[in-house]
Amino acid sequence: MKVSNLLGKAKGSALLLLGTASVVVSMDANAIPVFARQTGFKCVACHVGGMFPQLTSLGRMFKLTGYTLGNRPNLDGLEVQNDYPPVAIMVQGAKQYYNNTSHSVNGNAPSSAADLQVVSLFAGGKITDNFGAFMQWTGQKYANLQTGSQVGYNAASIDNTEFRYADRTVTPNSDLILGAYINNRAMMSDVWNNFGAWESGWINYFNAGNAQAPTTYMMGESSQHAAVGVGGYFFKDKTWYGELAIYKSPTHGPFSILTAGTTSVGNTGVTSLLEPSPYFRFAYNKEWGANSFEAGIHGMMSYVYGTPLYGAPAGTNSLPGGPASAYHDVGLDAQYQYVLDPHYFAAHARVTRELMNNTPGVANWQGLIAQNATDNLTETYMDATYVYEAKYGAQLSYASATGSSDTGLYAMGVNGAGSPTGSPNWTSWTPNIFWQPYQNLRIGYMYTFYTQMGGVNSGNNLVFNAAKFSPANFNTSMLYLGFIY
């Protein structure tokens, strides 16, 4: 019996979801995640050392060609009894450890017991020969400040979701991919693992137990899942890449489902891009033997409102007349990979500089009142990962932020860890070791330690509710497990 006999010939997201529901019961115990089932490839073919989400060259081509590679028939041609369904599930659990165990500092911190914290459902893959999708729904138990989900505490909602159309033309002298997408997360289109959800550090702390450094609006997770973007791209001869997109927050209509309604007018304190905000990326890519290298430039101009603007009279739902805050971001990024079993290595680096245009005396979308008309912030991130035999791995990541002092924006910091100077200067290091006995299962331990916070390097000079802390008081570690099926 074919799905088409049940649902007709309609295609698109509605068919994808309904088709998923009609065939999920056919999943057997040997199934592996969505795209692996579609292509027949093992995880190591598309992910560095099998360690999702880092994409190899083949993984990048799969995404750039619209999630359509493989021998699976179009969605309306799937057979319930014979074809694997385009669905997967991921669960994450952890036991976290804190240098400072004060509940008022750690916020919604879990107990010391191991805890199942996140569940994600995925659907996607090939819909037609040129059109495919990646869809995610996530439920989480604790407020996830590290990955910034708008879901918040003890809730569930739509997560990373993207639909792509792509066409590839190969001749003896040319290889050209042209594509277009619609998604709900700026930089979800990234295929070089430099941004957002696709950074090599796939798992993060699940609550306010670890401190958070200031971040640019573009890189900060507060900008994610709050807008819908439409973009186009090209990839020429596996060498030159270009991409342009426009993001805007829908306040109503069919696209508001991609933000779970969080940007509807009247939801106070939720970031909204109510003016078109452009995003761009250009990159050079080189592949030789087991090696690949990418270097690029990225940027975004974000015009950000609160909804409604902070300070508006209660019950006021009218849109503000101008941007409350404007963030102009531009930066450089790079990646190097070596992929040849049993050795897998990847390194990433990015630097993003942001110019903020504030309205002194007027609260921004976060409810913060900047003291300066303009501020700047530079965010740096680097990591290196080594995996042996697609089972044993280690990673070291470095993150820092530097910029102009503004007591209105940085005086309190995260969890009330205040800096009397209003400095945004923070530095942290995170070593991470992990073991993947099966391609569906990962077990690891990570530790984040802070060498600078709010411009303070040492000593008990951070003040919270009259208590004093040092940066080291916010060090956090986690024993974690991730399973995807």
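In these exercises, a residue is called buried if its relative accessible area is under 20%, exposed if over 50%, and partly exposed in between (1.4 Å probe, protein chains only). The model is predicted, with local features needing pLDDT of at least 70, side-chain atom pairs counting only at pLDDT 80 or more, and totals for chains, interfaces and linings using all residues. Residues are numbered from 1 along each chain as its sequence is written, and side-chain values use heavy atoms, with hydrogens and water left out.

**Exercise 1. The chain as a whole**

Task: State what share of the 485 residues in the chain is buried, and describe the secondary structure of the chain.

Solution. Start with burial: of the 485 residues in the chain, 54% are buried. Next, take the secondary structure, for which helices (H or I, at least four residues) and strands (E, at least two) are DSSP runs numbered from the N terminus; the chain has seven helices and 19 strands. Then turn to contacts, meaning heavy atoms within 4.5 Å: among those between residues at least 6 apart in sequence, 69% join residues at least 24 apart. Finally, the accessible surface, computed by the Shrake-Rupley method with a 1.4 Å probe, comes to about 19,400 Å², and 61% of this belongs to carbon and sulfur atoms.

**Exercise 2. From β9 to β12**

Task: Follow the strand pairing from β9 to β10, from β10 to β11 and from β11 to β12, naming bridge partners on the way.

Solution. Two strands pair if DSSP finds at least two bridges between them. Strand β9 (residues 277–288) is joined to strand β10 (residues 291–304) by 10 bridges in the antiparallel sense, and within this pairing Ala283 has Gly296 of β10 as its bridge partner. The two strands form a hairpin with two residues between them, and in the turn Gly289 has a positive phi of about 55°.

The next step leads from β10 to strand β11 (residues 325–340), an antiparallel pairing with 14 bridges. Here Ser302 stands opposite Tyr327 in β11, while His298 has Gly331 of β11 as its bridge partner.

Tyr336 faces Ala347 in β12, and β11 and β12 form a hairpin with two residues between them.

**Exercise 3. The rings around Trp192**

Task: Describe how the ring of Trp192 is placed relative to Phe235 and to Tyr241.

Solution. A pair of aromatic rings is described by the distance of the centres and the angle of the planes. Rings of Phe, Tyr and Trp (its six-membered ring) pair if their centres lie within 6.5 Å, and planes under 30 degrees apart count as stacked, over 60 as edge-to-face and the rest as tilted. The structure holds 20 aromatic pairs. For Trp192 and Phe235, the ring centres are 6.2 Å apart and the planes stand at 75°, so this pair is edge-to-face. The pair links distant parts of the chain, 43 residues apart, with Trp192 in the loop between β6 (174–183) and β7 (228–236) and Phe235 in strand β7.

Both Trp192 and Phe235 are buried. The pair of Trp192 and Tyr241 is also edge-to-face, with 5.2 Å from centre to centre and 80° between the planes. Because Trp192 lies in the loop between β6 and β7 and Tyr241 in strand β8 (residues 240–248), this pair ties together parts that are 49 residues apart in sequence. Tyr241 is buried, with a relative accessible area of 3%, and Trp192 is buried at 1%.
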